[in-house]
Amino acid sequence: MPSRMQWLTFFRQWLKHPRSMASVAPSGRQLGRLMATALPRGAHHIVELGAGTGAITQALVRHGVLPQQLLAVEMNPVLHDVLARRFPRMHLAHGDACHLPELVAKSGAFACGEVDGVLSSLGLLSMPKKLQRDILTAAFAVLRPGGVFVQYTYGLRSPLDEDVCRQMDLRCMSAGFAWCNLPPARVFVYGRH
Ligand SMILES: C[S@@+](CC[C@H](N)C(=O)[O-])C[C@H]1O[C@@H](n2cnc3c(N)ncnc32)[C@H](O)[C@@H]1O
């Protein structure tokens, strides 16, 4: 469970930036676990997009991922500072997910094309197609062949536009539901055909 302080920080940021926060509360444990188990077995180069107060990050660490194997990207400066304090050994980038190849290269964490999984908490569902395409293009530019993009959504269907999926030649698989999350969420895994 996120702490009271993490809830409060998250909620304050949602009041200020409702669009980019895309949720009023941090993810719960069940959703974090589901995201972590959607990664390929043995994944050790992982990128997290929109890490917020670190709810999914914490689930990854509980799942056995070492903080040094993880690069978290967060564009909100307040939340970036929360993450820096909470996970001092993790690689952390302050920036926009659209610029992921540059952020990975600058971090020195691992090379582009070496990443096993990109986990995203971004509000894809409410984004225009072009922004979705920019983010997915940036993510697949850093993923290794066979690497996956993992995304949760509060809707029942895939949050990625069908045209974007087709144009990028992506296959989509459901990884299950987190019914106990607030609100309940579904996890999807995307990979190249
Ligand atoms: C729904 S919150 C999820 C936070 C956390 N991962 C969780 O599950 O509790 C989305 C987060 O993505 C961040 N974000 C939104 N757009 C972003 C972008 N283009 N690049 C990087 N971070 C972004 C927001 O600042 C926010 O912290």
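A polar contact is a pair of N or O atoms within 3.5 Å; within protein, one atom must be able to donate a hydrogen and the other to accept it, and residues adjacent in sequence count only if both atoms are side-chain atoms. The model is predicted, and local features need pLDDT of at least 70, side-chain atom pairs count only at pLDDT 80 or more, and totals for chains, interfaces and linings use all residues. Residues are numbered from 1 along each chain as its sequence is written, while side-chain values use heavy atoms, with hydrogens and water left out.

**The ligand and its surroundings**

| Residue | Atom of the residue | Distance to a ligand nitrogen atom |
|---|---|---|
| Alanine 97 | backbone N or O | 2.9 Å |
| Aspartate 96 | side-chain N or O | 3.0 Å |
| Methionine 75 | polar backbone atom | 3.4 Å |

On its own the ligand has 590 Å² of accessible area, and the protein covers 97% of it, as computed by the Shrake-Rupley method with a 1.4 Å probe. Around the ligand stand 22 residues, of which Met21, Ser27, Gly50, Glu74 and Ala97 come nearest; a residue counts as near if one of its heavy atoms lies within 4 Å. Two elements, α2 (18–21) and α4 (55–62), each give two or more residues to this shell; helices (H or I, at least four residues) and strands (E, at least two) are DSSP runs, numbered from the N terminus.

**Helix α4**

In α4, the buried residues are Ala55, Ile56, Thr57, Ala59 and Leu60, where buried means under 20% relative accessible area, exposed over 50%, and partly exposed in between (1.4 Å probe, protein chains only). Among the elements that cover these buried residues are α3 (29–37), β1 (46–49) and β5 (143–153). Just after α4 comes glycine 64, which takes a positive phi of about 110°.

**Two loop residues**

Asparagine 76 lies in the loop between β2 (70–74) and α5 (77–86), and it counts as buried because its relative accessibility is 7%. Beyond its neighbours within four places in sequence, asparagine 76 is in contact with Gln13, His17, Met21 and His94, contact meaning heavy atoms within 4.5 Å.

Glycine 95 lies in the loop between β3 (91–94) and α6 (100–107), and glycine 95 is buried, with a relative accessible area of 17%. Leaving aside neighbours within four places in sequence, glycine 95 is in contact with Val73, Glu74, Met75 and Leu103. Glycine 95 and leucine 49 are 46 residues apart along the chain, and their C-alpha atoms are separated by 9.9 Å.
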